[in-house]
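The structure comes first and the notes follow.

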Amino acid sequence: MIRLPDLTLDADTTTALRGYQQSVNAVADYPGRVEAAKSEFKKRNTATNATFRAVRAKLAEMCSGARRCAYCEDSVADEVEHIAPKSLFPELTFDWFNYVYACGPCNGPKSNRWEVLDHRGELVVIIRERDAVPEPPPPGTAVLVNPRSEHPERFLELDLRETFLFVPTLGLSRSDELRARRTLDILGLNRRDYLAEARRAAFDDYNRHLEAYVQRKAEAAPTDELARRASSIARRQHPTVWHEMRRQRDRYAHLRRLFGAAPEALTW
Ligand SMILES: [Zn+2]
């Protein structure tokens with residue numbers, strides 16, 4: 001998971017989302033707003049709704065590779081996912097900054113899970129029983145790392161040596177380390193074996209492409225060919241793997257050599 005680019009919606013789409021949100025906010029009581037959030041979102045988030053076609057198109061621009069999920073970077077992104085669940089935060093149902101494009105295997109288990117750190121920095125897990133009357137969540141700092149507003153790579157590092165699993169970045173504060181661990185758990189980023197396999201395959205793939213780039217550069221290949229090779233690397237899936245190769249290059253002799261020969265690759 002990496003920080004997603006800041007993209008803006010066009011004015012018409014922004015206005016339409018604001019209108020949908022007002023119809024949720026207009027309901028007087030919180031349980032009613034939760035109900036309205038669900039029903040209004042279901043009604044609007046359809047293939048025939050021009051606003052949501054525009055939302056999906058813009059979210060797709062944020063995705064890596066062939067429209068891959070913002071969380072796992074592996075499966076196809078086909079669900080407009082609320083980072084803060086709409087069933088807890090009905091006031092964020094149509095908030096553009098609360099959306100990412102995600103896949104079913106990430107979005108399904110995440111569902112309504114939400115955790116905060118209270119004012120003492122203690123973890124509060126919010127569980128809403130199925131038949132309970134909804135109550136607003138307690139105040140606190142969101143635990144889930146938000147790829148729209150934060151840099152996930154500040155919290156998480158990928159082990160490129162052996163496991164291809166995420167670990168909390170060294171040197172985090174206690175609360176940030178807790179956020180890193182809980183984010184991994186909520187999104188299941190270390191739980192699915194196929195994700196580690198896919199990251200390992202992406203690592204081999206990035207290495208091969210960078211090696212070929214370095215070789216062609218040494219052979220004085222034409223500039224447009226090198227530019228083509230560079231843009232092909234920048235568009236591949238699992239951008240976190242590429243980010244980690246750059247960040248951890250000094251730990252691996254072969255990466256030190258490749259990035260030493262092509263320092264421009266550090267900016268791709
Ligand atoms: Zn996913």
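This is a predicted model: local features need pLDDT of at least 70, side-chain atom pairs count only at pLDDT 80 or more; totals for chains, interfaces and linings use all residues.

**Ala265.** I set aside neighbours within four places in sequence and found Ala265 in contact with Leu210 and Phe259. I placed Ala265 in the segment after helix 10. Is Ala265 buried or exposed? I counted 22 other C-beta atoms within 10 Å of Ala265, and the cut-off for burial is 20 or more, so Ala265 is buried. I also looked up the C-alpha atoms of Ala265 and Ala230, which are separated by 7.5 Å although the two residues are 35 residues apart along the chain.

**The chain overall.** I then stepped back to the totals. I noted 10 helices and 7 strands in the chain. I read the extent of the C-alpha trace along its principal axes as about 70 × 45 × 30 Å. Of the 268 residues in the chain, 28% are buried. For contacts with a separation of 6 or more, I found that 64% are between residues 24 or more positions apart.

**Helix 7.** Leu210, one of the contacts of Ala265, is listed among the buried residues of helix 7, so I went there next. I noted helix 7 as residues 193-218. Its buried residues are Leu195, Ala198, Arg199, Ala202, Tyr206, Leu210 and Tyr213. What covers these buried residues includes strand 6 (156-158), helix 8 (223-234), helix 9 and helix 10 (253-261). As a general point on spacing, residues three or four places apart in an α-helix point the same way, because there are 3.6 residues a turn.

I checked the length of helix 7 against expectation. At 1.5 Å a residue, its 26 residues should span 38 Å, and the end C-alpha atoms are 38 Å apart, which agrees. After helix 7 comes Ala220, whose phi is positive, near 60 degrees.

**Helix 7 against helix 9.** How do the axes of helix 7 and helix 9 cross, and at what angle? I found that the axes come within 9 Å and cross at roughly 60 degrees, with helix 9 taken as residues 239-247. The two helices are therefore oblique to each other. Helix 7 passes helix 9 in a right-handed crossing. On the helix 7 side I listed Arg199, Ala202, Phe203 and Tyr206, and these meet Val241, Trp242 and Met245 in helix 9. By class, the residues of this contact are 6 nonpolar, no polar and 1 charged. Arg199, Ala202 and Tyr206 take part in this contact and are also among the buried residues of helix 7.

**Helix 1 against helix 2.** The axes of helix 1 (residues 11-25) and helix 2 (residues 30-44) come within 8 Å and cross at roughly 150 degrees. An angle over 145 degrees counts as roughly antiparallel, so helix 1 and helix 2 are roughly antiparallel to each other. Helix 1 passes helix 2 in a right-handed crossing. Which residues make the contact? I listed Tyr20, Ser23 and Val24 of helix 1, with Arg33, Ala36, Ala37, Glu40 and Arg44 of helix 2. These divide into 4 nonpolar, 1 polar and 3 charged.

**Helix 1 against helix 3.** I next paired helix 1 with helix 3 (residues 50-62), where the axes come within 9 Å and cross at roughly 115 degrees. Helix 1 passes helix 3 in a left-handed crossing. The contact is made by Thr13, Ala16 and Leu17 of helix 1 and by Thr51, Ala54 and Val55 of helix 3. I classed its residues as 4 nonpolar, 2 polar and no charged.

Most residues other than glycine have a negative phi. Phi of Arg67 is near 50 degrees, a positive value in a residue other than glycine. With 18 other C-beta atoms within 10 Å, Arg67 is partly exposed.

Glu73 is in the loop between helix 3 and strand 1 as well. Phi of Glu73 is near 65 degrees, again positive in a residue other than glycine. Is Glu73 buried or exposed? I counted 25 other C-beta atoms within 10 Å, so Glu73 is buried.

Terms used
Residues are numbered from 1 along each chain as its sequence is written. Axes are lines fitted to C-alpha atoms, for helices over the stretch in contact, and angles run from 0 to 180 degrees between N-to-C directions. Helices (H or I, at least four residues) and strands (E, at least two) are DSSP runs, numbered from the N terminus. Angles under 35 degrees count as roughly parallel, over 145 as roughly antiparallel, 65 to 115 as roughly perpendicular and the rest as oblique. A crossing is left-handed if the near helix is turned anticlockwise from the far one by less than a right angle, and right-handed if clockwise. Two residues are in contact if their C-beta atoms, placed from the backbone, lie within 7 Å. Ala, Val, Leu, Ile, Met, Phe, Trp, Tyr, Cys and Pro count as nonpolar, Asp, Glu, Lys and Arg as charged, and the others, Gly among them, as polar. The expected span of a helix is 1.5 Å times one less than its number of residues. A residue is buried if 20 or more other C-beta atoms lie within 10 Å of its own, exposed if 12 or fewer, and partly exposed in between; C-beta atoms are placed from the backbone.
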